[in-house]
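Morning, everyone. Have the structure open as I talk.

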Amino acid sequence: MDAGHLRENRRHGTPGFPVGVYVMEKQAGQPLLESHWHEEAEFFLVTEGLARMRIGLREVELGAGEAAFVPGGELHGADGVPGAPCSYTAVVFDPNWLAESGDGFASRFLHPLARGKIDLRSPASCRTEWGAGVVRRLKSLPERYESDDPAREMRIKGELLLLLADYWTAGQWTERQAALPGEAIALERLKGALLYIEQNFARKLTVRELAAAAGMSEGHFSRTFKAFMRKTPVEYVNQYRLRHAARLLADADLTVGEAAGASGFDNFSYFSKSFRSLFGCSPSDYKKRTGWSARKQPPG
């Protein structure tokens with residue numbers, strides 16, 4: 001998953017096999033998962049550390065061996081705990097692919113899940129019998145996904161169906177309440193503002209400008225933004241810029257000053273102080289630890 005794009009337009013997997021499995025290992029201070037959305041559903045499993053996941057207006061804290069379900073189209077993101085590493089597996093899939101059969105299970109459970117009429121309880125945890133089954137199946141998927149087994153796709157489809165059957169058998173699902181019209185409209189407008197930030201973060205942005213991009217008054221926009229994103233628009237833009245600068249320091253042969261400028265910072269002192277506050281180290285130290293030039297050094 002590309003954390004640099006808030007709405008993922010690319011297809012996960014292929015048309016005949018719409019599944020993507022991503023194993024991520026994040027060091028302390030590295031961004032975990034930027035807020036974004038995609039049409040497919042997702043399982044998010046923490047394998048090490050702790051994550052605070054946002055799914056729409058909900059927030060779920062996940063420890064190692066705990067998983068959350070994200071319905072398709074839902075705005076979601078995750079933050080790690082400052083100073084601690086976190087590893088996770090994300091399984092992104094199209095529920096319609098699982099619901100192609102016309103049997104009773106598909107009509108009673110899979111079709112409503114694909115249409116967003118059903119939600120799965122979060123977190124699924126190893127501390128419960130049903131949750132342990134879900135987590136075990138999720139943990140098996142990365143190896144199956146990378147396998148050269150000619151039946152790889154069949155086995156992954158089978159595991160996902162059995163995983164969903166675990167939820168069904170245990171009754172760990174609920175009917176989703178339709179969003180209030182005003183809430184649904186506000187969310188779609190908020191997504192427009194998030195895309196606007198992605199396209200214009202490198203220059204000065206005002207709350208008034210972002211509210212106009214969302215088609216809201218400043219006050220309504222600020223309240224809506226804080227409710228969904230758990231931070232103010234100014235805090236979000238600042239962190240977005242800092243995380244962009246971190247990606248540049250890790251993936252491009254740029255100086256710290258060049259990365260700061262390309263990320264919308266014109267005050268280097270403020271950039272350094274803010275970077276240290278978010279990542280727990282100076283930009284220079286971060287570049288030495290993760291940067292392009294460090295990876296160019298010969299081993300030994």
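First, the ground rules. This is a predicted model, so local features need pLDDT of at least 70 and side-chain atom pairs count only at pLDDT 80 or more, while totals for chains, interfaces and linings use all residues. Residues are numbered from 1 along each chain as its sequence is written, and side-chain values use heavy atoms, with hydrogens and water left out.

Now the terms. We work on a 1 Å grid over the protein atoms alone; a cavity is a set of points where a 1.4 Å probe fits but cannot get out, a pocket is an open set with protein on both sides within 12 Å along at least five of seven lines, and lining residues have an atom within 4 Å of a point. Volume is the space filled by probe spheres set on the points, which are joined across faces, edges and corners. Helices (H or I, at least four residues) and strands (E, at least two) are DSSP runs, numbered from the N terminus.

Start with the largest pocket. It holds about 920 Å³ of space. Its lining has 37 residues, and Pro71, Gly72, Glu74, Gly116 and Arg176 lie nearest the centre. Helix H5 gives the largest share of that lining, five residues.

Next, the second largest pocket. Here we have about 590 Å³. There are 31 lining residues, with Asp79, Gly80, Pro82, Arg243 and Leu278 nearest the centre. Which helix gives the most to this lining? H8, with five residues. Strand S4 (50-55), strand S7 (76-80) and helix H10 (268-279) are among the others that supply at least two.

Then the cavity. The structure has one of 30 Å³ or more. Arg54, Asp79, Tyr236 and Arg243 are among its lining residues. H8 again gives the most, with four residues.

So what does H8 look like? Its 19 residues reach 27 Å from first C-alpha to last. Buried or exposed? Of its 19 residues, 14 are buried (under 20% relative accessible area with a 1.4 Å probe, protein chains only).

Last, Arg54. Its bridge partner in strand S5 is Glu59. S4 and S5 run antiparallel, joined by six bridges (strands pair if DSSP finds at least two). Two residues separate the strands in this hairpin, where Gly56 takes a positive phi near 60 degrees.

Terms used
Expected span 1.5 Å × (residues − 1). Buried < 20%, exposed > 50% of the residue type's maximum accessible area, 1.4 Å probe, protein only.
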